[in-house]
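Where do charged side chains pair up in this chain, and which parts do they join? Take a look at the structure, then follow the pairs one at a time.

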Amino acid sequence: MKRFKVFTLSTLAAAAVSLAQVAQSTDVEVLHWWTTAGQAKAVAELKIALENQGYGWKDFAVTGGGGQNAMTVLKSRVVAGDPPTAAMMKAPLIYEWAEEGLVTDIHQVAIDEKWDELLPPMVQEIMTRDGKYIGAPVNIHRINWMRVNPKVMQDAGVEVPETWDEFFEVAEVLQANGVIPLAHGGQNWQELTLFEPVMLGVGGADFYRKVFVDFDVDAINSETMVEVLDTFKRLKAYTDKNAPGRTWNLTTAMVMRGEAAMQIMGDWVKGEFSAAGMTAPEEYLCVPAPGTGDGFVFTVDSFGMFKQKDEAELEGQQALAAAIMSHDFQRLFNLAKGSIPVRLDVDMNEFDSCAQGSSADLASSGENGTIVPSLAHRSAAGPTARGAMIDLISQFWNDDNLSSADAQAKLADAAARLSS
Ligand code: GAL
């Protein structure tokens with residue numbers, strides 16, 4: 001009896017404490033576009049990490065691969081003077097908002113948590129402006145990946161292609177076997193995502209940088225650019241008629257089911273395979289896109305924090321930044337997301353062969369100078385430059401009357417405007 005009483009009292013006391021916590025807890029509104037099966041698992045880890053810091057999670061998910069819709073919605077909230085507490089966005093955009101004085105400085109958290117010791121120099125550089133951290137990095141995604149259905153390849157008697165020439169030979173055989181060689185989702189950002197590995201594979205890293213980082217008109221006017229555009233357009237014949245409008249994850253499902261043989265897309269695709277319970281290399285393969293074995297097109301996912309009036313929300317932002325960089329979160333989130341951690345001290349032995357390959361290639365491409373930022377995924381430039389290029393590449397892909405020379409001229413015009 002006595003025992004029962006003690007139990008009841010302590011339970012009541014615990015309930016009172018947690019009620020008080022609930023009453024005080026502040027919700028942190030977080031905008032992101034991670035809504036597919038694998039991505040939702042990854043986001044759930046972020047929610048837990050934040051809650052572990054004593055803050056509530058207010059979900060602000062805007063569906064749409066590559067963040068097109070999310071970034072439009074974000075802009076309208078910012079312009080209306082009502083930004084979310086935090087938003088998943090890439091560094092160049094954070095720089096723009098920071099210049100407008102809208103971004104909260106999270107430098108103190110970075111100092112307290114020793115980010116400079118934990119992050120590779122490249123990520124430190126990306127996440128800082130004037131020596132101060134302006135965003136919290138989550139991961140590194142590699143764009144120039146290709147997922148392959150090994151059974152489909154085996155049935156057709158073909159090997160995984162390592163060069164673009166091999167790709168076209170293999171694609172012919174697959175098509176003759178009634179398989180869609182290349183799974184493609186016809187949305188402009190997916191077209192630019194496909195274009196990037198082609199440009200890296202055909203033109204090399206220096207050429208890629210000249211075009212998508214410097215917007216160099218001479219590079220765009222070169223013969224190499226025509227070759228890049230020709231190779232890109234040639235791929236279309238190996239995609240299916242139902243591609244237009246299809247989301248990237250439904251496109252991935254075609255490779256899972258064996259309707260299609262290969263998909264060239266960033267490693268968030270791996271998150272979908274994992275969420276479907278499939279493992280590499282048994283059920284799918286991850287290999288660099290043709291011709292890009294020693295290269296690395298990257299994007300760093302990160303969160304920027306917008307200035308808030310409420311003191312508790314400002315504290316919540318610091319807590320979110322700390323949660324994002326915590327060791328456990330980095331491990332769990334990236335296992336689900338398909339990316340690799342930004343923290344150098346996360347043991348990669350726990351990750352699969354795809355992530356280990358990504359990690360090794362990140363290091364070697366950094367040494368060889370063959371690492372380049374993704375424009376499609378907002379790491380190479382801000383929204384204006386990206387907007388100009390994405391429209392032209394997508395138009396070229398979709399309009400069969402446009403020649404490579406036409407597209408080249410349009411790209412050169414756009415680049416001249418961007419650099420003037
Ligand atoms: C990228 C982003 C990834 C993933 C992908 C598909 O821009 O870096 O985290 O979300 O879009 O939506």
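A salt bridge here is a side-chain nitrogen of Lys or Arg within 4 Å of a carboxyl oxygen of Asp or Glu. Side chains of opposite charge can pair when their charged atoms come close. The model is a predicted one. By this rule, it has 17 salt bridges.

Start with Asp352 and Lys270. These two form a salt bridge, with their closest N and O atoms 3.0 Å apart. The pair links distant parts of the chain, 82 residues apart. Lys270 sits in helix α15 (residues 268–275), while Asp352 is in the loop between β12 (340–341) and α18 (353–368). Asp352 is partly exposed, at 24%.

Now move to Arg331. One of its partners is Asp328, and the closest N and O atoms of that salt bridge are 4.0 Å apart. Both residues belong to helix α17 (residues 327–337). They are three residues apart, about one turn of the helix. Asp328 is partly exposed, with a relative accessible area of 47%.

Arg331 also forms a salt bridge with Glu350. Here the closest N and O atoms are 3.1 Å apart. Arg331 lies in helix α17 and Glu350 in the loop between β12 and α18, so this pair ties together parts 19 residues apart in sequence. Glu350 is partly exposed, with a relative accessible area of 45%.

Finally, turn to a network. Salt bridges link Glu29, Arg77 and Asp82 in it.

Notes. Residues are numbered from 1 along each chain as its sequence is written. This is a predicted model: local features need pLDDT of at least 70, side-chain atom pairs count only at pLDDT 80 or more; totals for chains, interfaces and linings use all residues. Side-chain values use heavy atoms; hydrogens and water are left out. Helices (H or I, at least four residues) and strands (E, at least two) are DSSP runs, numbered from the N terminus. Buried means under 20% relative accessible area, exposed over 50%, partly exposed in between (1.4 Å probe, protein chains only).
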